[in-house]
Amino acid sequence: MKTVGEKIAYLRKERKLSQEALGLEIGVSRSAIVKWEKGLMNPNHDSINLLCEYFKVDANYFYEDHTLLNEKDECVKEIAITTATSKSKYRICIISLIIISIFFLLTLLSTTAFGFIAFTNNIGYQSEKTTDINDIIFYISLSFCFVFLILLVIFIVKLKSRQK
């Protein structure tokens with residue numbers, strides 16, 4: 001079976017091109033063409049694509065025993081894994097944002113309820129204000145409300161930066 005270099009040399013000679021002319025046509029140096037044809041190195045995938053476009057052949061024409069194809073498949077797999085990882089991180093951020101939003105709304109509602117209870121107990125009475133358990137719960141709820149609000153802002157900023 002012919003090597004990739006022998007196939008390049010065959011196509012080049014069939015078109016009556018010199019190594020330098022082929023290099024100029026596809027944008028690589030003459031020495032790269034020489035190395036490919038002598039089997040000292042194989043063209044990378046971008047160069048294979050340029051050769052395919054120039055000679056009007058399918059990329060499979062150049063793959064002798066599919067070693068280059070296997071390297072390409074590994075690159076595709078690596079890109080797919082990276083994409084899947086970034087998608088799963090994005091999903092985790094979205095789910096976290098939803099959970100924090102729910103907690104924010106719950107604490108906002110409880111803060112409103114406890115605030116109403118804490119500040120309407122003594123209406124109409126002329127007594128000294130004492131700290132009641134309702135007051136403490138109100139202030140704790142208010143604190144949690146601010147914490148969840150800050151977390152929401154942080155997650156929204158993270159999501160916006162990931163989208164860019």
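View 1. At 74% relative accessibility, lysine 16 counts as exposed, where exposed means over 50% relative accessible area, buried under 20%, and partly exposed in between, with a 1.4 Å probe and protein chains only. This is a predicted model, in which local features need pLDDT of at least 70 and side-chain atom pairs count only at pLDDT 80 or more, while totals for chains, interfaces and linings use all residues. Residues are numbered from 1 along each chain as its sequence is written, and side-chain values use heavy atoms, with hydrogens and water left out. Lysine 16 is found in the loop between helix 1 and helix 2, helices being DSSP runs of H or I with at least four residues, strands being runs of E with at least two, and both being numbered from the N terminus. Although lysine 16 is not a glycine, its phi is positive, at about 60 degrees. Most residues other than glycine have a negative phi.

**View 2. Lysine 56, in the loop between helix 4 and helix 5.** Phi of lysine 56 is near 60 degrees, which is a positive value in a residue other than glycine. With a relative accessibility of 69%, lysine 56 counts as exposed.

**View 3. The protein as a whole, with six helices and zero strands.** Read along the sequence, the pattern is α-α-α-α-α-α. Buried residues make up 26% of the 164 residues in the protein. Among contacts between residues at least 6 apart in sequence, 63% join residues at least 24 apart, a contact being heavy atoms within 4.5 Å.

**View 4. The largest nonpolar core, with 16 residues.** A nonpolar core is a set of buried Ala, Val, Leu, Ile, Met, Phe, Trp, Tyr and Cys residues that are joined through side-chain atoms within 4.5 Å. The residues with the most contacts inside this largest core are Ile8, Leu22, Ile26, Trp36, Ile48, Leu51 and Phe62. Helix 1 (4-14), helix 2 (19-26), helix 3 (30-38) and helix 4 (45-55) each supply at least two residues of the core, and the largest share, four residues, comes from helix 4. Apart from this core lies another, of nine residues, among them Cys93, Ile100, Phe104 and Phe155.

**View 5. Isoleucine 8 and phenylalanine 62, two residues of the largest core.** Not counting residues up to four places away in sequence, isoleucine 8 touches Leu22, Trp36, Glu37, Pro43, Leu51 and Phe62. The buried residues of helix 1 are Val4, Gly5, Lys7, Ile8, Ala9, Leu11 and Arg12. Phenylalanine 62 lies in the loop between helix 4 and helix 5 and, at 0% relative accessibility, counts as buried. With residues up to four places away again left out, phenylalanine 62 touches Val4, Lys7, Ile8, Leu11, Ile48, Leu51, Cys52 and Val57. The C-alpha atoms of phenylalanine 62 and proline 43, which are 19 residues apart along the chain, are separated by 9.9 Å.

**View 6. The crossing of helix 2 and helix 4.** The axes of these two helices come within 10 Å and cross at roughly 105 degrees; axes are lines fitted to C-alpha atoms, for helices over the stretch in contact, and angles run from 0 to 180 degrees between N-to-C directions. That makes helix 2 roughly perpendicular to helix 4, a description used for angles of 65 to 115 degrees, whereas under 35 counts as roughly parallel, over 145 as roughly antiparallel and the rest as oblique. The contact is made by Leu22, Glu25 and Ile26 of helix 2 and by Leu50, Leu51, Tyr54 and Phe55 of helix 4.

**View 7. Glutamate 37, a buried residue of helix 3.** Glutamate 37 has a relative accessible area of 15%. Its side chain makes a polar contact with the side chain of arginine 12 (2.6 Å), and the side chain of glutamate 37 also makes one with the side chain of glutamine 19 (2.7 Å). A polar contact is a pair of N or O atoms within 3.5 Å; within protein, one must be able to donate a hydrogen and the other to accept it, and residues adjacent in sequence count only if both atoms are side-chain atoms. Leaving aside neighbours within four places in sequence, glutamate 37 is in contact with Gly5, Glu6, Ile8, Ala9, Arg12 and Gln19.

**View 8. Threonine 107, a residue of helix 5.** At 11% relative accessibility, threonine 107 counts as buried. Beyond its neighbours within four places in sequence, threonine 107 is in contact with Ser141, Phe144, Cys145 and Phe148.
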